[in-house]
Amino acid sequence: MIKEYTFPMGGLHIEKYKITADCPIVEAQIPEIVNIPVKQHIGSPAKILVSKGDKVKVGTLLADADGIVSSDVHSSVSGEVIKIEDLPSASGYEEKMITIKTEGDKWEKSVNRKPEVIKEINLTQEEIITKIREGGIVGMGGAGYPTPIKTSVPEGKKVELLIINGIECEPFLTADDRLMVEHAEEIIMGARVINRALGIQNAIIAIDENKPRAIEILTNLSKRYIGVNVKVCRTKYPQGGEKQLIKAITGKELPLGKLPIDVGCIVQNVGTVFAVYEAVLKNKPLFERIVTVSGDGCLHPGNYKVRVGTPVSDLIEVTGGLSTDVHKIVLGGPMMGNAIVNTSAPVTKLTSGILLLKDENFSKKEASSCIRCGKCALSCPAGLRPFAIKQAISFNDTAEYLRKLHAGDSIE
């Protein structure tokens with residue numbers, strides 16, 4: 001019997017709605033126009049290198065990382081830069097977006113487009129990190145943290161374990177599941193690449209028990225490779241959170257305010273690991289990703305390989321269009337995603353899903369009065385007391401008191 005790992009405190013057992021789990025990845029049509037933001041990551045926007053009227057190819061560097069906490073941005077299509085515009089920003093940074101009109105599908109010659117899986121790694125740690133940086137790789141589980149930073153071990157720190165997050169605990173989303181089923185060996189090779197960058201030979205691919213096909217394929221393949229293993233985790237939300245996943249896999253408690261590396265771990269999403277494989281061993285920058293289009297208002301749900309910058313409206317049309325009874329469009333999952341009102345918004349490196357929701361079960365309910373029953377504290381996987389935090393906010397208590405309640409450590 002396979003042991004199922006999980007975190008012991010809190011969490012929820014919620015309906016998964018994984019209706020696209022058996023839908024193979026389909027390559028989405030190349031859009032006529034792409035809108036590519038130069039900030040698709042945590043940190044400062046990349047510095048634009050192109051101008052209006054420039055011709056670009058698939059994989060051309062459009063914007064260069066501005067500092068350590070930043071990331072390169074590449075063109076997802078070939079064509080002409082027709083506009084560079086300012087974007088509204090709440091981050092304090094001046095953000096811009098590059099619009100490219102598509103002309104054909106010409107790729108940079110440096111990109112290896114052959115389907116064969118490369119299984120030899122003949123690069124040093126420094127060369128691997130450089131290629132990850134040049135590929136514009138960021139955390140694709142939603143955080144968008146530049147991956148070169150997470151693969152560079154700071155002085156005084158030690159990494160013992162790479163955890164590859166294949167949980168995908170958000171309802172509806174199956175992009176990571178299909179990636180593991182259809183590109184398992186590439187993910188294993190990506191894990192080995194990151195292992196080498198970290199100077200270890202110890203990677204665990206953590207997969208939710210509700211992904212039996214991915215578990216079977218990766219478990220069998222991992223037996224051929226040293227340093228990569230699979231562990232099955234029990235279905236519980238938010239099993240895919242870094243703190244919860246580290247506790248489930250290692251038994252170690254990640255202290256509040258600390259990072260995974262403080263307990264000897266690095267956590268990477270499977271999509272990120274696949275992108276690392278392509279960047280390091282195929283010279284392919286991150287300019288496309290797998291996106292689940294689903295929801296109870298979606299006529300033809302599916303999983304699509306999508307070029308960054310593709311308007312959300314293009315994917316909605318492919319899956320049957322927007323019906324009048326859809327009341328909410330969400331980028332990402334229903335738990336942590338963001339609702340949008342403009343379907344011309346572009347797919348970015350961080351867009352894991354597009355959900356069309358009409359059922360009232362997914363709409364926001366009116367809040368009821370707190371009776372201090374404590375159920376929220378029992379369910380909170382971060383170990384907080386939400387009822388006390390709410391009361392403190394209601395009574396305008398000081399920021400110092402909120403800090404004592406660790407309100408800033410909420411994962412919501």
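The charged end of arginine 113 sits over the ring of tryptophan 107, at 3.9 Å from the ring centre. A charge counts as sitting over a ring if NZ of Lys or CZ of Arg is within 6 Å of the ring centre and within 35 degrees of the ring normal. This is a predicted model, in which local features need pLDDT of at least 70 and side-chain atom pairs count only at pLDDT 80 or more, while totals for chains, interfaces and linings use all residues. Residues are numbered from 1 along each chain as its sequence is written, and side-chain values use heavy atoms, with hydrogens and water left out. Another charge over a ring is that of lysine 236, which lies over the face of phenylalanine 7, 4.2 Å from the ring centre.

The structure holds two aromatic pairs. Rings of Phe, Tyr and Trp (its six-membered ring) pair if their centres lie within 6.5 Å; planes under 30 degrees apart are stacked, over 60 edge-to-face, and the rest tilted. Tyrosine 17 and phenylalanine 172 form a stacked pair, with 5.0 Å from centre to centre and 10 degrees between the planes. Tyrosine 17 is in the loop between β1 (4-5) and β2 (25-27), and phenylalanine 172, 155 residues apart from it, is in the loop between β10 (161-166) and α3 (175-182). Helices (H or I, at least four residues) and strands (E, at least two) are DSSP runs, numbered from the N terminus. Phenylalanine 172 is buried, at 2% relative accessible area, whereas tyrosine 17 is partly exposed at 31%. Buried means under 20% relative accessible area, exposed over 50%, and partly exposed in between (1.4 Å probe, protein chains only).

The other pair joins tryptophan 107 and phenylalanine 287: the ring centres are 5.3 Å apart and the planes are at 75 degrees, so the pair is edge-to-face. Tryptophan 107 lies in the loop between β9 (95-102) and α1 (125-134), and phenylalanine 287 in the loop between α7 (270-282) and β14 (288-294), so parts 180 residues apart in sequence are tied together. Both tryptophan 107 and phenylalanine 287 are buried.

Helix α6 (residues 242-250) has as its buried residues Lys243, Gln244, Leu245, Ile246, Ala248 and Ile249. Just after α6, glycine 251 takes a positive phi of about 80 degrees.

Glutamine 391 is partly exposed, with a relative accessible area of 36%. Its C-alpha atom is separated by 9.7 Å from that of arginine 372, 19 residues apart along the chain.
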